[in-house]
Amino acid sequence: MTLIDRIKDTLKRFSEAIGETRRYVRIANEINFGRYLLMVLLATPIIAGTMIGVSRVDAAGDAVVILWRTQILIVDGIMIASHLALLGILALLRKWGKHQTFIIVQYVGVALIVALSGVNTVIGQYISPNLSVFIYACVLAGFVFYLRPSASIIAFLSVFVLMFFAL
């Protein structure tokens, strides 16, 4: 086998490997979309129920409770709206076959889940020193999306550092 034949064979194998990688990206995007859809379908009623419960809390003139209630309702409303908007964007990107953009947007989804839950946790410190919402959000974001390990380390380490200083 000559050098030119080896180069041709190597280029052919490389081309086949790129094709396989693209196929795996499409499969991962489909799985991530299905998981995100399920999360939105389950989380939206839960967040809405939380909003109803929080709105019914009797503040009895306590300024701290009124501030907490108002801020939680705003953050939860933003959370529902952003998840529904992100789901719509992901559906469009999936339909159009924009797989690379889909990957970028799903990272935005992870950031939204964790950041808004972090804000919710920081606001919750007015009433209770509880980190459950933030911890659940980190676990949920890790389960919903298939992420590369390097992206996961960057995302969750940066969130940890931000929460450390926020709290």
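Helices here are DSSP runs of H or I with at least four residues, numbered from the N terminus, and Ala 60 sits in the loop between two of them, α1 and α2. Welcome to this predicted model, a chain whose secondary structure comes to five helices and zero strands.

**Overall form**

- Read from the N terminus on, the elements run α-α-α-α-α.
- The C-alpha trace spans about 85 × 35 × 20 Å along its principal axes.
- The radius of gyration of the chain is 21 Å, whereas a compact globule of 167 residues would have a value near 15 Å.
- Buried residues make up 30% of the 167 in the chain.
- Among contacts with a separation of 6 or more, 71% come from residues 24 or more positions apart.

**How α1 meets α3**

- Helix α1 covers residues 3-55 and helix α3 covers residues 99-124; the two pack at an angle of about 35 degrees, and their axes are 11 Å apart.
- Their crossing is left-handed.
- By class, this contact is made of seven nonpolar, four polar and one charged residues.
- On the α1 side you will find Val 25, Arg 26, Asn 29, Asn 32, Phe 33, Tyr 36 and Met 39.
- Facing them in α3 are His 99, Phe 102, Ile 103, Gln 106 and Ile 113.

**Nonpolar cores**

- The largest nonpolar core holds 22 residues, and Tyr 36, Leu 90, Ile 113 and Phe 145 have the most contacts inside it.
- Two or more residues of this core come from each of α1, α2 (63-96), α3, α4 (132-144) and α5 (149-166).
- Leu 90 is in contact with Phe 33, Tyr 36, Phe 102, Val 105 and Gln 106, once its neighbours within four places in sequence are left aside.

- Ile 113 belongs to helix α3 and has a relative accessible area of 3%; that is under 20%, so Ile 113 counts as buried.
- Not counting residues up to four places away in sequence, Ile 113 touches Tyr 36, Met 39, His 83, Ala 137, Ala 141 and Phe 145.
- Arg 69 is 44 residues from Ile 113 along the chain, and their C-alpha atoms are separated by 20 Å.

**Leu 147, a buried loop residue**

- Leu 147 lies in the loop between α4 and α5.
- With a relative accessible area of 17%, Leu 147 falls under the 20% cut-off and is therefore buried.
- Its contacts, leaving aside neighbours within four places in sequence, are with Tyr 107, Val 110 and Ser 152.
- Ile 103 is 44 residues away from Leu 147 along the chain, with 9.3 Å between the two C-alpha atoms.

**Ala 60, an exposed loop residue**

- Back in the loop between α1 and α2, Ala 60 has a phi near 50 degrees, a positive value in a residue other than glycine.
- The relative accessible area of Ala 60 is 68%, which is over 50%, so this residue counts as exposed.

Technical notes:
Residues are numbered from 1 along each chain as its sequence is written. This is a predicted model: local features need pLDDT of at least 70, side-chain atom pairs count only at pLDDT 80 or more; totals for chains, interfaces and linings use all residues. Side-chain values use heavy atoms; hydrogens and water are left out. Axes are lines fitted to C-alpha atoms, for helices over the stretch in contact, and angles run from 0 to 180 degrees between N-to-C directions. A crossing is left-handed if the near helix is turned anticlockwise from the far one by less than a right angle, and right-handed if clockwise. Contact means heavy atoms within 4.5 Å. Ala, Val, Leu, Ile, Met, Phe, Trp, Tyr, Cys and Pro count as nonpolar, Asp, Glu, Lys and Arg as charged, and the others, Gly among them, as polar. A nonpolar core is a set of buried Ala, Val, Leu, Ile, Met, Phe, Trp, Tyr and Cys residues joined through side-chain atoms within 4.5 Å. Buried means under 20% relative accessible area, exposed over 50%, partly exposed in between (1.4 Å probe, protein chains only). The radius of gyration is taken over C-alpha atoms; the globule rule is 2.2 Å times the number of residues to the power 0.38.
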